[in-house]
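Please examine the model shown here and discuss its aromatic side chains and their surroundings.

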Amino acid sequence: MPGERPSVRGTSEVGRFPGAAPPTRVELTIHKAGERKQDEGGCRRWFRKMCPCCCKRQNSHSYDITDKVELVKPPTPAPEPVKPKPENGEAKEMEEIQLSVRSVDLLSSKTGQNRREHHTDLYHGEELIIRRGQTFQIEMELSRPFNADTDKLHLDLKTGPLPMVSKGTHVIIPMVDQLEDECWEAKIVEQDGTTVKLSVNSPATAVCGLYGLAVTCSSMKSESTTTHNSSKNIVMLFNPWCEEDTVFLDDEEERKEYVLNDIGRIYYGTEKQIGARTWNFGQFHEGILEACLFILEKSDMPASGRADPVNVVRVISAMINAQDDLGVLVGNWSGDYSDGVSPSSWSSSVEILRKYHSSNGTPVSYGQCWVFSAVTTTVLRCLGIPARSVTNFQSAHDTDVSLTTDVFFDENMEPIDYLNRDSVWNFHVWNDCWMARPDLPPGHGGWQAVDSTPQETSQGTFRCGPASVNAIRSGQVYLKHDTPFVFAEVNSDKIYWQRNLDGTFSQIHSEKKAVGHFISTKAVGSDERADITHLYKHQEDSEEERIAVETASRYGSKPNVYSSPMAEDVSVEVKMDGEGPRMGADAQLSILVKNLSSQPRRTTLHSQVAVMYYTGVLKGTIKKEQMPVELLPNEEKTIEWILPYQQYQNQLVDQAALMLTLSGRVSETQQVLANQTTFRLRTPDLTIKPLGDAVVGKEMAAKITFTNPLPRVLKGVIFRVEGLGLQKGHEVVVGDVGGHSTVTLTEHFIPSQPGPRKLVASLDCKQLTQVHGVADIVVLEQ
């Protein structure tokens with residue numbers, strides 16, 4: 001199969017790969033760390049090749065995987081039996097038949113390859129339900145056999161009311177010889193008479209929703225074209241299994257829980273009496289996918305907006321409640337539910353969504369927060385966005401964007417009812433959904449809070465989120481969407497005010513631990529309750545928590561609730577030497593703290609470093625510490641910060657990115673210090689050195705050298721080498737490479753095109769990514 005790695009049956013076959021040009025030769029040597037490489041004379045090399053048994057290498061410390069590997073063509077397949085040629089008249093008649101599609105089979109069976117590979121086999125029905133960023137297969141019956149030399153065909157996919165190529169809602173899929181990643185394209189993978197099987201590829205940025213399919217055929221011998229419209233549609237979903245999709249979730253157990261699990265638990269009650277109820281999300285139940293697609297259509301969101309999960313989640317948040325857009329559920333907290341269903345009577349999203357869809361969008365009565373959240377979980381999981389229901393106990397409702405929960409009293413300490421609009425709910429249920437946030441600074445991907453319960457409007461509509469949970473935790477409430485509201489729910493202070501005789505108000509008391517307790521969700525893989533409070537806020541009474549609260553409040557409508565710093569004369573920044581820390585060694589950064597005042601200053605810097613995906617999603621914290629700092633007047637102090645190799649060696653993900661977060665408060669002035677620095681552990685380059693003259697038709701060589709920077713064995717190392725006009729791309733299977741060992745690979749090839757060329761090579765290994773090299777080679781005419 002194309003793209004498969006060649007099997008290696010012994011050291012003599014290392015480096016053999018299909019499709020390589022016959023003249024290419026590869027020499028491969030691995031040297032252990034500290035070992036000297038011995039050069040041998042040309043005569044001895046010749047003699048050893050002619051008679052290897054008489055001239056073995058003497059250095060027992062050196063080991064060769066192979067001395068010289070010949071790259072040979074794959075065995076020629078046995079010729080297919082010759083079919084009897086049709087009579088001239090019959091052949092001519094076949095050629096004159098107009099090429100057209102008689103039928104299209106979307107291979108959409110629940111038990112078939114498409115549905116199984118796309119993790120959509122749990123959905124009810126026999127529709128073709130696929131996930132973006134992944135290939136799928138279809139079969140077509142043609143009017144006559146397809147001739148690749150003279151016939152052409154392409155696919156058209158259309159979604160939305162006004163499909164447009166420029167908006168990504170009308171997709172023209174060309175036929176290609178080889179499938180590439182990250183684009184729409186199709187390839188014929190099987191042909192049997194008039195039946196052809198296509199493999200179709202979609203990008204991870206494709207618009208999600210319902211597509212209609214048409215196939216257009218033409219022939220060079222005829223100017224006319226024929227178009228066949230498929231009677232069945234294709235449903236495209238988000239793909240948490242695809243690394244390039246922004247909803248990618250890198251944990252199979254979490255994908256099973258947050259995408260595929262159709263039953264869950266929702267928590268309610270009080271923080272001292274937490275109750276739990278089982279809920280049937282039913283995202284795969286009959287009619288639910290259709291209902292979810294109907295909600296997207298009814299939202300009036302342009303079809304092109306369905307490519308971005310941030311847009312989709314924000315629209316779903318608005319559409320689950322009926323306020324201002326005739327969405328799914330009517331909220332009712334009156335206690336009178338006589339003309340509908342009591343919110344506490346529901347235990348499933350299925351009946352609610354099917355009722356809404358079958359009535360063509362008549363809102364269903366009634367819902368409260370846990371019902372809004374449960375239906376949101378169903379819709380997001382159904383569309384392929386990882387989601388969970390989350391309960392916050394002692395949940396604040398901030399009505400004036402002050403980021404505090406305010407209680408007002410008159411001169412006689414009687415409550416002023418018309419001012420006391422803020423409230424604290426015993427519990428409130430909303431949702432977390434998982435996605436990268438390329439629209440926010442790095443580090444703010446991952447869990448995002450979204451709330452479908454209608455409480456306050458956001459940009460004129462009752463909706464809330466998605467708000468980065470990491471931004472909520474650190475008080476960065478200026479980051480969209482609706483972060484201040486969710487921050488207030490989990491971490492606002494309760495401020496008590498008394499009216500003065502002149503009508504002004506004075507702050508008389510504050511409660512710092514009044515809200516945001518026991519934030520709960522169902523645990524992965526069990527019915528236990530998982531406490532996720534630490535994701536939303538720092539530990540109560542910790543300095544980091546206080547800094548987050550005061551940072552947030554400065555962006556609210558009452559920025560002076562907390563005393564402003566008397567001065568802001570201390571700065572903190574992070575510096576790195578040269579090109580930064582290298583993979584395999586301790587990571588060392590310098591923290592520069594400056595006192596710009598003529599007075600001494602004291603602070604404690606809190607530092608934590610987390611592993612980060614290239615998408616900005618944090619995987620987890622791997623080191624935390626506190627550093628007391630004392631500064632003399634006008635003093636600059638450099639603190640060396642070190643992350644030992646042992647602490648990160650088993651934690652890294654692709655790109656080897658880390659984020660260092662610093663926070664602190666200056667004791668004398670109450671100034672808040674904060675800094676976030678993203679850095680990458682640099683990997684070594686492959687060194688490529690051309691050998692000999694570069695002339696068209698004349699053999700030359702290039703030596704590729706790599707030294708393992710890690711003190712551990714790299715498993716299953718593979719080199720990929722390619723040079724346009726120099727040699728075809730191919731793989732060289734190296735195998736295991738010991739800690740600090742050096743690999744030397746010599747490529748022999750014959751340039752085929754003159755001019756400036758580039759020979760590129762990369763290393764493929766799970767423990768080490770982003771290792772590559774390039775050599776510029778100017779090829780002369782013969």
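This is a predicted model: local features need pLDDT of at least 70, side-chain atom pairs count only at pLDDT 80 or more; totals for chains, interfaces and linings use all residues.

Residues are numbered from 1 along each chain as its sequence is written, and side-chain values use heavy atoms, with hydrogens and water left out.

User: What percentage of the residues in the chain is buried?

Analyst: The chain holds 13 helices and 41 strands, taken as DSSP runs numbered from the N terminus (helices H or I, at least four residues; strands E, at least two). Buried means under 20% relative accessible area, exposed over 50% and partly exposed in between, with a 1.4 Å probe and protein chains only. Of the 782 residues, the buried share is 51%.

User: How many aromatic pairs are there?

Analyst: Rings of Phe, Tyr and Trp (its six-membered ring) pair if their centres lie within 6.5 Å; planes under 30 degrees apart count as stacked, over 60 as edge-to-face and the rest as tilted. Under this rule the number of aromatic pairs is 15.

User: Why is the pair of Trp333 and Phe372 stacked, and how many residues apart in sequence are the parts it ties together?

Analyst: The ring centres of Trp333 and Phe372 are 6.4 Å apart and the planes stand at 20°, so the pair is stacked. Trp333 belongs to the loop between strand 15 (329-331) and helix 7 (350-358), and Phe372 to helix 8 (residues 369-383), so the parts tied together are separated in sequence by 39 residues.

User: Which strands do Phe408 and Trp497 lie in?

Analyst: The rings of Phe408 and Trp497 are stacked, because their centres are 6.3 Å apart and their planes are at 20°. Phe408 is buried at 11% relative accessibility, and Trp497 is buried at 11%. The pair ties together parts 89 residues apart in sequence, namely strand 18 (residues 405-409) and strand 24 (residues 494-499).

User: Which residue has its charged end over the ring of Trp447?

Analyst: Trp447 forms one aromatic cluster with Tyr258 and Trp434. A charge sits over a ring if NZ of Lys or CZ of Arg is within 6 Å of the ring centre and within 35 degrees of the ring normal. At 3.8 Å from the centre of the Trp447 ring, the residue is Arg388.
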